[in-house]
Amino acid sequence: MSKQQIRQVLKDHGKFSANIDSLADDADLYEAGMTSHASVNVMLALEDAFDLEFPDRMLKRSVFESIDAIHAAIEELTA
């Protein structure tokens, strides 16, 4: 599991106007233009891409607010 894979899911499902490759790993994805609706699509795509399911306790904005945060959550779920 790599941050590049996360970036690809964000590119495909995040509906960003900015180039996701130009964002830092700790950049706020919501400030970069991701809507709450798009974040649901991103979450579902991440679940498919990494063959996991985010538990209810992780269904909050902070888990999906940056590439670093998403990476940490996936690492926790796949540990």
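Modeller: Gladly! Helices (H or I, at least four residues) and strands (E, at least two) are DSSP runs, numbered from the N terminus. With that naming, α2 is followed by aspartate 51, whose phi is positive, near 50°. This is a predicted model, in which local features need pLDDT of at least 70 and side-chain atom pairs count only at pLDDT 80 or more, while totals for chains, interfaces and linings use all residues. Residues are numbered from 1 along each chain as its sequence is written, and side-chain values use heavy atoms, with hydrogens and water left out.

Biologist: Why does aspartate 51 count as exposed?

Modeller: Buried means under 20% relative accessible area, exposed over 50%, and partly exposed in between (1.4 Å probe, protein chains only). Aspartate 51 has 74% relative accessibility, so it counts as exposed. Its place is the loop between α2 and α3.

Biologist: Which value of phi does lysine 15 have?

Modeller: Lysine 15 has a phi near 55°, which is positive in a residue other than glycine. The residue lies in the loop between α1 and α2, and its relative accessible area of 56% is why it is exposed.

Biologist: What makes glycine 14 buried?

Modeller: The relative accessible area of glycine 14 is 0%, so it is buried. Glycine 14 touches Val9, Met34, Ala38 and Val42, not counting residues up to four places away in sequence; contact here means heavy atoms within 4.5 Å. Glycine 14 and alanine 45 are 31 residues apart in sequence, yet their C-alpha atoms are 9.8 Å apart in space.

Biologist: And why does arginine 7 count as buried?

Modeller: Arginine 7 comes to 9% relative accessibility, so it counts as buried. Arginine 7 sits in helix α1, and beyond its neighbours within four places in sequence it contacts Ile20, Asp21, Leu23, Ala24, Asp25 and Ile67.

Biologist: What makes α1 oblique to α2?

Modeller: Axes are lines fitted to C-alpha atoms, for helices over the stretch in contact, and angles run from 0 to 180 degrees between N-to-C directions. Angles under 35 degrees count as roughly parallel, over 145 as roughly antiparallel, 65 to 115 as roughly perpendicular and the rest as oblique. Helix α1 (residues 3-13) and helix α2 (residues 36-50) pack at about 135°, their axes 9 Å apart. That is why α1 is oblique to α2.

Biologist: Which residues of α1 and α2 meet?

Modeller: From α1 come Gln5, Ile6, Val9, Leu10 and His13, and they meet Ala38, Asn41, Val42, Ala45, Leu46, Ala49 and Phe50 in α2. By class, this contact of α1 with α2 has nine nonpolar, three polar and no charged residues. Here Ala, Val, Leu, Ile, Met, Phe, Trp, Tyr, Cys and Pro count as nonpolar, Asp, Glu, Lys and Arg as charged, and the others, Gly among them, as polar.

Biologist: At what angle do α1 and α3 pack?

Modeller: α1 and α3 pack at about 115°, with their axes 10 Å apart. The contact joins Lys3, Ile6, Arg7 and Leu10 of α1 to Ile67, Asp68, Ile70, His71 and Ile74 of α3. The residues of that contact of α1 with α3 divide into five nonpolar, one polar and three charged.

Biologist: What covers the buried residues of α2?

Modeller: The cover includes α1 and α3 (67-78). Among the buried residues of α2 are Ala38, Val42, Leu46 and Phe50.
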